[in-house]
Amino acid sequence: MMTITYKVKNGLYLNITNRCPCDCIFCLRHNGESVYGSDPLWLEREPTVEEICQSIDAKDLSEFSEIVFCGYGEPTERLEDLIKVAKHIKEKSNIKIRINTNGLADLINGKETAPMLENLIDTVSISLNAANKEDYFNVVRPKFGMKSFDQMLKYAKDCTKYVPNVVMTVVDLVTSKEDQQKCEEICKSVGAKLRVRPCE
């Protein structure tokens with residue numbers, strides 16, 4: 001049985017794909033098949049939009065503070081389906097929706113994607129993870145190469161036009177205090193907030 005939805009704290013998390021264009025050195029996928037006590041998150045196949053919606057509908061959404069697209073893959077690998085699911089959620093609830101993403105949606109989908117999030121997504125959390133493109137490339141190891149860093153920053157700035165809350169994150173174990181200060185300046189330059197998160 002596939003794990004499509006799982007609970008983390010007060011959030012309902014959606015595991016819609018295992019595909020990802022990155023191979024981050026700190027990725028939780030290197031450590032096992034689940035997180036936070038969830039059932040295994042490796043998918044035997046990608047669930048259909050209908051299966052995702054059914055899994056959501058089986059939950060009492062009043063028990064959660066938000067729904068988060070974040071599983072064992074990059075959710076914008078299935079951007080069109082993600083949008084369909086977000087619309088389904090908004091039709092039945094006013095619960096907040098967040099996307100946890102590497103910020104490479106435009107490279108993945110070959111187009112500007114931030115406008116698609118308008119009036120659907122309440123928060124986009126983007127993995128920044130480094131203060132410059134060289135460190136980013138070494139930590140994130142994106143398949144798109146060195147252009148990934150600048151494209152990720154552009155995506156973050158674009159998202160601020162369409163999404164109420166844009167957050168950029170760095171992992172404490174792979175960034176120094178000095179780099180975190182530089183990342184704070186990067187976030188200010190694109191209009192986002194910085195969050196330093198533990199490598200769990």
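This is a predicted model: local features need pLDDT of at least 70, side-chain atom pairs count only at pLDDT 80 or more; totals for chains, interfaces and linings use all residues.
As for handedness, the crossing of H1 past H2 is right-handed.

Who does the touching? On the H1 side, the contact is made by Val 49, Ile 52, Cys 53, Ile 56 and Asp 57. H2 answers with Asp 81, Lys 84, Val 85, His 88, Ile 89 and Lys 92. Sort the residues of this contact by type and you get six nonpolar, one polar and four charged.

Now over to the largest pocket, which has a volume of about 1,000 Å³. It is lined by 42 residues, and if you want to find its centre, look for Leu 28, Cys 70, Asn 100, Ser 127 and Arg 197, the closest ones to it.

Which elements supply at least two residues each of that lining? Among the strands, they are S1 (5-8), S2 (11-14), S4 (96-101), S5 (123-127), S6 (165-171) and S7 (193-197). Helix H4 (133-140) also supplies at least two. By type, the lining of the largest pocket splits into 20 nonpolar residues, 13 polar and nine charged.

Methods: Residues are numbered from 1 along each chain as its sequence is written. Side-chain values use heavy atoms; hydrogens and water are left out. On a 1 Å grid over the protein atoms alone, a cavity is a set of points where a 1.4 Å probe fits but cannot get out, and a pocket is an open set with protein on both sides within 12 Å along at least five of seven lines; lining residues have an atom within 4 Å of a point. Grid points are joined across faces, edges and corners, and a volume is the space filled by probe spheres set on the points. Helices (H or I, at least four residues) and strands (E, at least two) are DSSP runs, numbered from the N terminus. Ala, Val, Leu, Ile, Met, Phe, Trp, Tyr, Cys and Pro count as nonpolar, Asp, Glu, Lys and Arg as charged, and the others, Gly among them, as polar. A crossing is left-handed if the near helix is turned anticlockwise from the far one by less than a right angle, and right-handed if clockwise. Contact means heavy atoms within 4.5 Å.
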